[in-house]
Structures are given as C-alpha cells and as structure tokens.
Amino acid sequence: MKKINLAIVGVTGAVGQEFLKLIEERNFPFANLKMLASSRSAGKKINFMGKEYTVEETTENSFDGIDIALFAGGSASKIFAPAAVKAGAVVIDNSSTFRMDKDVPLVVPEVNPQAIFRHKGIIANPNCSTIIMVMALKPLYDISKIKRIVVSTYQAVSGAGREGMEELKNQLDALAKNEKIEPKILPVSKLEKHYQIASNLLPQIDIFMDNLYTKEEMKMIDETKKIMEDDEMKITATTVRVPVFRSHAESVNVEFFDEVSVESAKNALKNFDGVTLTDNPAEMIYPQPLETSGKNDVEVGRIRKDFSVEHGLNFWVCGDQIRKGAALNALQIAEVLIKNSEKN
Ligand code: 3JM
C-alpha cells in the first residue's frame, strides 16, 4: 500500500491509544505520523514502533502536508476538522459533530463502502453502538428489508473514555473495601450531577433531548437509517450504561418484511466480514463483553424467532466499542481510501 502522512488528533485518549495499537497490528502504511492532542498533553513522549514521538498541541496549522487526519473524537473535531480539510487532508472523524451532514458520508466499510467516495474532505465514523448494531443488521437486511427495530443497549464505561474506566475501577475498589463512593464522571451530561455505576445501571448516555430520548438513542436511530440508506425503516432505542469495563452489548429485535429463518440468518452472519457467529445454546455459547474485548469482530448469538410478529427475529450482539466501535472502523475507512488512491 502507498505510504501516507498521518495525523492523529486526541492521541492520548482511549480511542487515540487504540489507533496506535491497530496501526502497528495492521501494518498500516504511514510515512510520517503526527501525534496531536490538547495543550494539556502537549510535550508528552510516546514510544511507538521503536521511535519516540512528542505529542504536539493541535492548532489550525498542524495539518500542512497531512494526507489523512484521524480525529479520535470530542470537541476538537468542530474546531480543527475544517482547518485540516483546508490544508488538504481527508478527515476521518469519530465525533458526532458532522455525522448527519448531507455532505458527510457516514461509513461502516463492511456495510456502505460506496459512500466513502462521496466525501468532500470529511468522512464520519458512526457512534459505537450504531456500528456494532449495523454490522449484524446488514447481512440480515440483504435477505429481507427491515420494517422495524427495537434495540436496548448495555454499554461499557469505556464509552466515556479512560476516565469512565478509572471511575468504575475506583468505585469497585471502594465497594470491596466498604468505603464511601463519590461518583465523579457518569453519566456524562451538561449538569454537574453524577451517579454510582458500580453495582448499578444508568439509563442515560449523553444528554436528554426535548423528545425525552437521550442523544445517544437519537444517534442510533438517525445514524442507522443513514448508513443503511433507508429512511422508512422504523427504529426505537433505549441506551443504558452498565458496570462493564469494555465492549458494548445490545439486545436487538427486528421485524422484517419477508421471512428470515434462524438458519438463513445464521448463515448470512457467519459469511459476513467482521462478524463472528457465537451461537450454540445447547453448549451455552453466546457473545459476552469479556470475550469480545480486544477483538476486532462483532459477535452475534441468541438468534431466535420473535413469535409475537409475522417475520421477527431477536438477537444479541457484542463488540469492542473502542475497536470496531471507533478506532478500527476509522482505520478501515483510511485503508479503503489508500487502496483506492493507488488505483488512480
Ligand atoms: C461518544 O466532547 C464531546 O461532546 C464528546 C461526546 C461523545 C460522543 C459524541 O457525541 O461525539 C462521547 C462519546 C460520542 C459519539 O460517538 O457519538
């Protein structure tokens, strides 16, 4: 593959660090790598693939000569992505900032790779829970169009970054020692109000909207329709934070227009890139967050008929949201861009 000049914005965060792991693992073809973060992390040294890098503060001038800029998420995207595009870079952005823009493709490479080439400088990476769900939906959609989806998520604290993981660890330690717990991070919202996550469930991810859904729920609904290019598809979602460190799980109920048998669903999922079928009730085999943590594939199991409707299926899907739900998906988009540039 052609070697490109790469920048990572937010390199010190959970997604940024996963970018580095995956670049090494996948032998991602870069010539130069620029590690960028906020002023708080500037000057930090990072050893990577036998070389010492110094983290630089992201500014509007950080992107000269950069071919691809990977944005790990957060508020930096809104401020610096336009500057990166102006400098000639293609931005692959993990934040929700640009996802619903008409001119910004929202891409999961196994699902809608064709959208990549419609970009005008920015390509958006979907929300972690959306990516994990559409990976399982796409092979089923190819059997029959989908009428309606009801999804409930069980989302790990790593969705709130490194701070979220530290919060759960500290609370579990305090719980074991019978010490007082002072919640500091979760749920992440506009109010300075937090609840315990250890030994608890929080039915709030991101802020509340006027329609009483959380923003995370609306992301799943709106993004899924955009990625699947089907505005008619009905979706409703409930997103819940659970005391799990890493890997999201989702219970998904799907009503199809035509018959989709359990067997045909299993076959389609088994043959779909990026999905592992983990489904054998007789042997008590099903996807679990602990098992998918650190893995690239999304795992699907508990596939069974929904007997309450004419053409319904239920399934359970787990995936590492820092890998496929964020860094891996973004890097796969970059790989498609690079492969294609070699052809031209
Ligand atoms: C996942 O700084 C921020 O507002 C980040 C919020 C955030 C997002 C988002 O909306 O970009 C935290 C965690 C996401 C996401 O993937 O949608």
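The side chains of R246 and E18 form a salt bridge, with 3.2 Å from N to O. The structure is a predicted model, and the protein is divided into domain 1, spanning 4-125 together with 325-343, and domain 2, spanning 130-321. Between domain 1 and domain 2, the count of salt bridges is three. The points below describe how the two domains meet.

**Polar and charged pairing**
- Eight residue pairs are in polar contact across the interface of domain 1 and domain 2, with both residues of each pair at pLDDT 80 or more.
- On the side of domain 1 that touches domain 2, at least two residues come from each of α1 (14-25) and α8 (323-343).
- That side of domain 1 comprises nine nonpolar, eight polar and seven charged residues.

**Domain arrangement**
- The centres of domain 1 and domain 2, taken over C-alpha atoms, lie 25 Å apart.
- Domain 1 contributes 24 residues to the contact, and domain 2 contributes 22 residues.

**Buried area**
- About 1,800 Å² is buried between domain 1 and domain 2.
- Carbon and sulfur atoms account for 59% of this buried area.
- Within domain 1, the residues that lose the most area to domain 2 are E110, V111 and G325.
- Together, E110, V111 and G325 make up 30% of what the domain 1 side buries.

Key. Residues are numbered from 1 along each chain as its sequence is written. This is a predicted model: local features need pLDDT of at least 70, side-chain atom pairs count only at pLDDT 80 or more; totals for chains, interfaces and linings use all residues. Side-chain values use heavy atoms; hydrogens and water are left out. Domain bounds come from an automatic or database domain assignment. Contact means heavy atoms within 4.5 Å. Buried area is the accessible area (1.4 Å probe) that two parts lose on being put together, summed over both. A salt bridge is a side-chain nitrogen of Lys or Arg within 4 Å of a carboxyl oxygen of Asp or Glu. A polar contact is a pair of N or O atoms within 3.5 Å; within protein, one must be able to donate a hydrogen and the other to accept it, and residues adjacent in sequence count only if both atoms are side-chain atoms. Helices (H or I, at least four residues) and strands (E, at least two) are DSSP runs, numbered from the N terminus. Ala, Val, Leu, Ile, Met, Phe, Trp, Tyr, Cys and Pro count as nonpolar, Asp, Glu, Lys and Arg as charged, and the others, Gly among them, as polar.
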